[in-house]
Amino acid sequence: MLVEYDSIMANAQANVDLALDLIHETLITDVSQLSSPYTEPSEGSIAALIDGDTSSFWHSNYSDGSVEGGTHYLQVDLINPVDVNIYAMFTRRPCQNDHVTQMAIMGTNDPEAAKAACEELLVWDTPYGNNTESFTSQAFDAKGYRYLRFYANTTTNNRGFWHISEFQLGYDLNNPKAQANNMGEVFTKLQTVIEKYKDLEHD
């Protein structure tokens, strides 16, 4: 019964998304926006993160050995402040080890700031299922920060270094021509039911 209900609610969410017909915008448009002082020198490339090729990848530094979790980070320069909630997306690299399982997203206006001087914006759990899966974070407020950092708190091997094949930040804009605009109270009630369902325990 619960599995059937889950399926019904998943279909309802899919229909809501279809009715909203949101316009998806991306924030990383050039590799110059990406940086990390922990890039592995022997393989991979930070440019691979936005090349649309899941066989290429970026890897944080493993040549110098293991480090404490939450040390290596990927940094994004938003260039201009963002006044809407945004979300992060990444795709795993198809290999066996050192997949990120939790990220801390932090903001700063100083690209050289110490971690302690950055503000934590979101802790993002990305439990490992398989090595080709993709994740999208919940929407979060970037609070006007120019630079966002993505720290790997934990990985599957907990050696501190990590890797991903694709990465992007984005946000959604309402589509003035969306079907949802003509559905009135029915659509509002459907959204309310779905949000209440998300808050339930599903064990």
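Why does N153 count as partly exposed? The relative accessibility of N153 is 23%, and N153 is therefore classed as partly exposed, a class that lies between buried (under 20% relative accessible area) and exposed (over 50%), as computed with a 1.4 Å probe on protein chains only. The structure is a predicted model, in which local features need pLDDT of at least 70 and side-chain atom pairs count only at pLDDT 80 or more, while totals for chains, interfaces and linings use all residues. Residues are numbered from 1 along each chain as its sequence is written, and side-chain values use heavy atoms, with hydrogens and water left out.

N153 belongs to strand β9, which covers residues 147-155; strands (E, at least two residues) are DSSP runs that are numbered from the N terminus. When residues up to four places away in sequence are not counted, N153 is in contact with G69, G70, Q102, M103 and A104, where contact means heavy atoms within 4.5 Å. Although N153 and Q102 are 51 residues apart along the chain, their C-alpha atoms are separated by 5.4 Å.

Strand β9 also takes part in an open sheet of five strands, whose order is β2-β4-β9-β6-β7 and whose pairing is antiparallel; two strands are said to pair if DSSP finds at least two bridges between them. The edges of this sheet are formed by β2 (34-35) and β7, each of which pairs on one side only. Six bridges connect β7 with strand β6 (residues 100-108) in the antiparallel sense, and G107 has E119 in β7 as its bridge partner. In general, the strands of a sheet pair through backbone hydrogen bonds, either parallel or antiparallel.

A further set of pairings involves strand β5 (residues 87-91), which is mostly covered, with four of its five residues buried. Strand β5 runs antiparallel to strand β11 (residues 166-173), to which five bridges join it, and M89 stands opposite Q168 in β11. Three bridges link β5 to strand β8 (residues 134-136), again with an antiparallel run, and here F90 stands opposite F135.

The loop between β7 (119-125) and β8 contains N131, which is buried because its relative accessible area is 16%. The side chain of N131 reaches the backbone oxygen of C95 at 3.2 Å. With residues up to four places away in sequence again not counted, N131 touches R92, R93, P94, C95, Q96 and H99.

Terms used: Polar contact = N/O pair within 3.5 Å; in protein donor to acceptor, adjacent residues only side chain to side chain.
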